[in-house]
Structure formats: structure tokens, C-alpha cells
Amino acid sequence: MLSLPVVSDTPKTSARETARDGDVRHNWTVQEVVALHNLPFFDLVDRARAVHRANHAPAVQLCTLLSVKTGGCPEDCKYCPQSAHYETEVGPEKMLDVNDVLAAAQRAKEGGSTRFCMGAAWREVKDGPAFERVLEMVRGVKTIGLEACVTLGMLTEDQAHRLKEAGLDAYNHNLDTSRRAYKSIITTRSYDDRLATLSNVRKAGITVCSGGIIGMGESVDDRAAMLVELANLTPQPESVPINALVRVAGTPLESLPPIDPADFVRMIATARLVLPKSKVRLSAGRTELSREAQLLCLYVGANSIFYGDRLLTTPNPGEDEDSGLLNAAGLEALAPSAQ
Ligand code: SAM
Ligand code: DTB
Ligand code: SF4
């Protein structure tokens, strides 16, 4: 006989909660967040959905990614095809020209994207011609009329101010995982280095985009601990990308098993509950998710997807596939005016 726990049919009220769902809190504990993450699936879905509806428009923001400087990175991030430490199919390339980047941004706008994110495989920003070129890219993207985001590695406060002056809206710098698990993923820079960059971004008045990756062998406690780090920042990051590991041949993590799609949904839902006002972004890893799993992620709390058939160096579902996904669900793309 199937053995299932026997429950009463009277709905239970949780005595555990004193704060209400949807409150912005900066005193989360890992234990509390693990408890949310491990709720019965439908309870988690219901609670996250309620917070999502109360705080966010029912539209999906389309964001376009472009790698403006690919490969040859000195860092040893074990997930990353762009690290020079590993033999992958991605080799070092020259930095793109401003005109090519702006042509891509214009196409992205015409395709319906409202946010344009430019990535560079750098450990840190160095003052000089390459940084000047990034500043020009940012100015151009703003002239086109898109939200501008860059991810360039570590950043000083002065560099952050220069990006702000150029019109930058958001800086992406992920915590990637928990403080504990971080050491087994990256050795060439520390968790505190990352937090210092986020603080420099914040001081310059640029919005913070910071999230992480699941599927790197971490525990639920690690996932919760990363969310606690993000939620306890004051203010909370405006934008929180949740990536599933893209397992790239040649990287040390290439043979890890894929995540369970239900765990992706749990992670997005938990992020929604602890970061009620942040834009939670369903980021890398969608090529291995069914349409239904992606819709569930959007239902419980994701505000955006990357649109276009490439992320930085790895594949993403094509635009036709994503238009199909949104149309099938009757979901609208966020209009530029609604930003
Ligand atoms: N070099 C800069 C840095 O690390 O801050 C910016 C670019 S880096 C590619 C941006 C983020 O992409 C990483 O922090 C990581 O979260 C994500 N990423 C890189 N490779 C990935 C992979 N294979 N799967 C999922 N996410 C990945
Ligand atoms: C983020 O969290 N995910 C994006 C964006 N920020 C820069 C990057 C995903 C990269 C996936 C691996 C690749 O395509 O190289
Ligand atoms: Fe370099 Fe960024 Fe890749 Fe790390 S994630 S190896 S810093 S490009």
C-alpha cells in the first residue's frame, strides 16, 4: 500500500510566521529560508504567487545579452567557459566595436527587448581605452532608449561613478552561491571582494543586479544562504538573476547532473518571498527547461527572461520559441513605457 502522511482536511495556519509574506525584511535567517524553500510545493507556489501579484506587473521583461569581450578571463570560476584556466570551445576574442554593439542594441529594441546587458570576461575593470569604450557603449544604449546594464567584474567606486555619469542603470555582479560553497567554485577572488563591488555600485547610485547559479553541487542550505546574503543587503538588490548551471564541456563542472526543474521553481519562488520587490530574472538554463516549467517560474515570481538565441557564449531558446511561449500563455512583454 502507498504510504503517505495522514493529514486533517482542516487548513492549517502557520504559527511560525510573525512577519507577513511580502514584507521587505533584512533579518532573514538561513533556517527560515530553508523552511520556505522546503514547504509543500503547492504551498510555496501559492505564497510566492500572492507576493508576486501584489508587487509586480503581470508582464515579462525581455532582456538582451551581448558579450562585448569574450574569453581569456584570468579568473578560475569553475562553471565558466570563458575562464582561461579551462580548455573549452571559447577562446579569447577582441573587444567588440562600439558601432557593432549599438547595432545589436538597436536590433534588440526592435525585437521587443527593453534592457540591454553587456558582459566582459574581465576579473576587474581597468582604467584606460577598454573602459572608455564601455562608457561609450553605455551612452549609446541609453540614446537608443534601453535600460543599460553591464557586468565587467570588480569595480572601484570611482569607476562606478563614471558608469553612472554615462547613464548606466544597473550593474550585474553575482554572489553566485553561498559564502561557504563559494570557496570550492572560485579561488581567485573572495566573497567579500564581490560584496565590496556591490557596495561601490550602490554608492554610485546605480541599481544592483546580483544573483547566482543553482546546480553546482550546492545544498538547499547553500541556496538559502545565498538568498539570505542578498535579502539582508540594505536596500535589497533591485534585480536578482537566478541561473541554472549551463554545463559546458571543458569546465570542471561539466559532468554534474542537471537540476530538477521543480527545484528551479522552488528557488524562484523562495527568491520572490524573501526579495518581494526585486525583479527576479529567470536567466541561464532555460534550454533544458520545459515550457511548463518556465511558465511555472514566471507564475511564482520571475519577471524577465533573456531573449535571443545566445546568452554570452552558450545557447538560449530562440526568439520564435520564446514568442511562442509567451503567446501560448497569453503573457505580454513589458512595454518600453512601463519600465
Ligand atoms: N566577468 C564578469 C564577472 O564574473 O562578474 C562578468 C561576466 S560573468 C560571465 C557573469 C555571470 O554569468 C557569472 O557571475 C555567473 O553567475 C554567470 N555564468 C557564467 N557562466 C555560467 C554558466 N555556465 N552557467 C550559468 N551561469 C553562468
Ligand atoms: C547572469 O546572472 N546571467 C547572465 C548575465 N547575468 C550576465 C549570464 C549567463 C551566462 C551563461 C553562460 C554563457 O553564456 O557564457
Ligand atoms: Fe571570468 Fe566572469 Fe567567467 Fe569568472 S564568470 S571566469 S570572472 S568571465
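## Lining of the largest cavity

In this predicted model, the lining of the largest cavity is made up of 23 nonpolar, twelve polar and six charged residues. A search of the whole structure finds one cavity of 30 Å³ or more, and the volume of the largest cavity is about 860 Å³. Its lining comprises 41 residues, among which Tyr 79, Cys 80, Asn 172, Asn 174 and Leu 312 are the closest to the centre.

## Ligand 1

The space that ligand 1 takes is the largest cavity. There are 16 residues around this ligand, and those that come nearest are Tyr 79, Thr 151, Asn 174, Asp 176 and Val 246. Sorted by class, the shell around ligand 1 holds nine nonpolar, six polar and one charged residues.

Backbone atoms of the protein approach nitrogen atoms of ligand 1 at several positions. For Ala 120, a backbone N or O atom lies 3.2 Å from a nitrogen atom of ligand 1, and for Trp 122 a backbone N or O atom likewise lies 3.2 Å from a nitrogen atom of this ligand. A polar backbone atom of Val 246 is 2.9 Å from a nitrogen atom of ligand 1. Of the 550 Å² of accessible area that ligand 1 has on its own, the protein covers 91%.

## Ligand 2

Ligand 2 also takes its space in the largest cavity. The residues around ligand 2 include Leu 65, Pro 81, Thr 151, Pro 241, Asn 243, Phe 306, Leu 311, Thr 313 and Thr 314, together with Asn 172, Asn 174 and Leu 312, and by class this shell has six nonpolar, six polar and no charged residues.

Both side-chain and backbone atoms make polar approaches to ligand 2. An N or O atom in the side chain of Asn 172 is 3.2 Å from a nitrogen atom of the ligand, whereas a polar side-chain atom of Asn 174 lies 2.8 Å from an oxygen atom of ligand 2. At Leu 312, a backbone N or O atom lies 3.0 Å from an oxygen atom of ligand 2. Taken alone, ligand 2 exposes 410 Å², and the protein buries 87% of that.

## Ligand 3

For ligand 3, too, the space taken is the largest cavity. The residues around ligand 3 are Cys 73, Glu 75, Cys 77, Tyr 79, Cys 80, Ser 83, Ala 121, Trp 122 and Arg 189, and they divide by class into six nonpolar, one polar and two charged residues. Tyr 79 is among the residues around ligand 3, and Tyr 79 is also among those that come nearest to ligand 1.

## The largest pocket

The lining of the largest pocket draws at least two residues from each of β1 and α3 (98-111), with the largest share, six residues, coming from β1. By class, this lining has twelve nonpolar, ten polar and eight charged residues.

Key: Residues numbered from 1 in each chain as written. Chains lettered and ligands numbered in written order. Predicted model: local features only at pLDDT ≥ 70, side-chain atom pairs only at ≥ 80, totals over all residues. Heavy atoms only, no water. Near = heavy atom within 4 Å. 1 Å grid on protein atoms, 1.4 Å probe; cavity = no way out; pocket = protein on both sides within 12 Å on 5 of 7 lines; lining within 4 Å. Sits in = over half its atoms within 2 Å of the grid points. Nonpolar A, V, L, I, M, F, W, Y, C, P; charged D, E, K, R; others polar. Polar contact = N/O pair within 3.5 Å; in protein donor to acceptor, adjacent residues only side chain to side chain. Areas by Shrake-Rupley, 256 points an atom, 1.4 Å probe, with all protein chains shown as cover. Points joined across faces, edges and corners; volume = space filled by probe spheres on them. Helix = DSSP H or I, 4+ residues; strand = E, 2+ residues; numbered from the N terminus.
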